[in-house]
Amino acid sequence: MKILSIQSAVAFGHVGNSAAVFPLQRIGVEVLPVYTVTFSNHTGYGAWRGPMIDPDDVREVIAGVEERGVLPQIDAVLSGYQGGEGIAEVIIDAVARVKAANPDAVYACDPVMGNAKSGCFVAPAIPDLLRDKVVPVADIITPNQFELGYLTSTEPTDLASTLESVDAAMAMGPKTVLVTSVERPDREQGTIEMLAADDKGAWLVATPQLPMKANGSGDVTAALFTAHYVETGDAKVALERTVSSVFDLLQNTLDSGDRELALVQSQETYANPRMQFTAYQVR
């Protein structure tokens, strides 16, 4: 499998491509990383250095890849955090070029905007750009519950309303939706859930909710789910594999006491997930 991953990169820590590439490689995926920013560290520290890459330069990198004749071999395009407004058009154009070369290729968009606790933390124009232009051309989207609500102008809370929001998202264009954090009020105490849905059904899985915030975990989640789903075509299997790997990654990070993901130390959790969580069908 080959994935063209258009995301940010950091020298220290693990977010964007610096979080997604290694786990994908560890499960046997050939990754073509294209960087949209090259920062010293993620912006959660409040201070960082390094350039946001001009959209024309990102376009040039993709054009160079295309000139190597690789696009017909690309199985998926993956995108995440979009630092500037101009990058959306570059991604949309790249998706169109890949799909023209390989009609079976899919586009997986992680519509990074923010979360329920901190609100939106991207540039003001990005959420509307994602909703109006990017998400409609995606095949797979991986929002958290907050992002799902924004994209669909709904308020997902319980399972029923979350499924309604998923349906609204699918009506926008995507065929598959992974909701990466479902915090419904009637869930079992001390747990957090993840929901995957496609045209075959919807599946929910619960894990213990760890007392931590881990930048980059969403990037790993989107990457692994995309790869597993493209490989198997089975949302339940892709969900269970992804949740198994990401939970152990987070547990290892928590145990380490470090702020940054224990990404390399957790490599066996991607290659050989324990499959310790079972998803159940909710429709």
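Helix α1, residues 17–26, lies across β1, β2 and β3 (76–79). Its direction is about 145 degrees to β1. Keep in mind that this is a predicted model.

Now the sheet itself. Nine strands form an open sheet, and the pairing is mixed. The order is β2-β1-β3-β4-β7-β8-β9-β10-β11. Which strands are the edges? They are β2 and β11, and each pairs on one side only.

Next, α2. This helix covers residues 55–67, which is 13 residues.

Which residues of α2 are buried? They are V58, I62, G64 and V65. Looking down the axis of α2, these buried residues fall within an arc of 155 degrees, so they line one face of the helix.

Turn to the face pointing away from the buried side. There α2 carries the exposed residues D56, E60 and E67.

Two details at the ends of α2. At the start, a side-chain oxygen of D54 comes to within 2.8 Å of the backbone nitrogen of D56. After the helix comes G69, with a positive phi near 75 degrees.

Back to the sheet, moving along to β7 and β8. Strand β7 is residues 140–141, and strand β8 is residues 176–182. These two pair in the parallel sense over two bridges. In this pairing, I141 stands opposite V177 in β8.

Then β9 and β10. Strand β9, residues 191–198, pairs with β10 in the antiparallel sense, over eight bridges. A hairpin of two residues joins β9 to β10. Opposite E193 stands A206 in β10.

On to β11, residues 280–281. β10 and β11 pair in the antiparallel sense over two bridges. Here W203 stands opposite Q281 in β11.

Is β10 mostly covered or mostly open? Strand β10, residues 201–208, is mostly covered: six of its eight residues are buried.

T207 lies in β10. Its relative accessible area is 11%; the cut-off for buried is under 20%, so T207 counts as buried. What does T207 touch, leaving aside residues up to four places away in sequence? Its contacts are G190, T191, I192, V243, F247 and F277.

One more residue, A125. Where is A125 placed? A125 sits in the loop between β6 (119–120) and α4 (126–134). Its relative accessibility is 29%, so A125 counts as partly exposed. Now pair A125 with T157. In sequence the two are 32 residues apart. In space they are 26 Å apart, C-alpha to C-alpha.

Conventions. Residues are numbered from 1 along each chain as its sequence is written. This is a predicted model: local features need pLDDT of at least 70, side-chain atom pairs count only at pLDDT 80 or more; totals for chains, interfaces and linings use all residues. Side-chain values use heavy atoms; hydrogens and water are left out. Helices (H or I, at least four residues) and strands (E, at least two) are DSSP runs, numbered from the N terminus. The expected span of a helix is 1.5 Å times one less than its number of residues. Buried means under 20% relative accessible area, exposed over 50%, partly exposed in between (1.4 Å probe, protein chains only). The arc is that of the directions from the helix axis to the C-beta atoms. A polar contact is a pair of N or O atoms within 3.5 Å; within protein, one must be able to donate a hydrogen and the other to accept it, and residues adjacent in sequence count only if both atoms are side-chain atoms. Two strands pair if DSSP finds at least two bridges between them. Contact means heavy atoms within 4.5 Å. Axes are lines fitted to C-alpha atoms, for helices over the stretch in contact, and angles run from 0 to 180 degrees between N-to-C directions.
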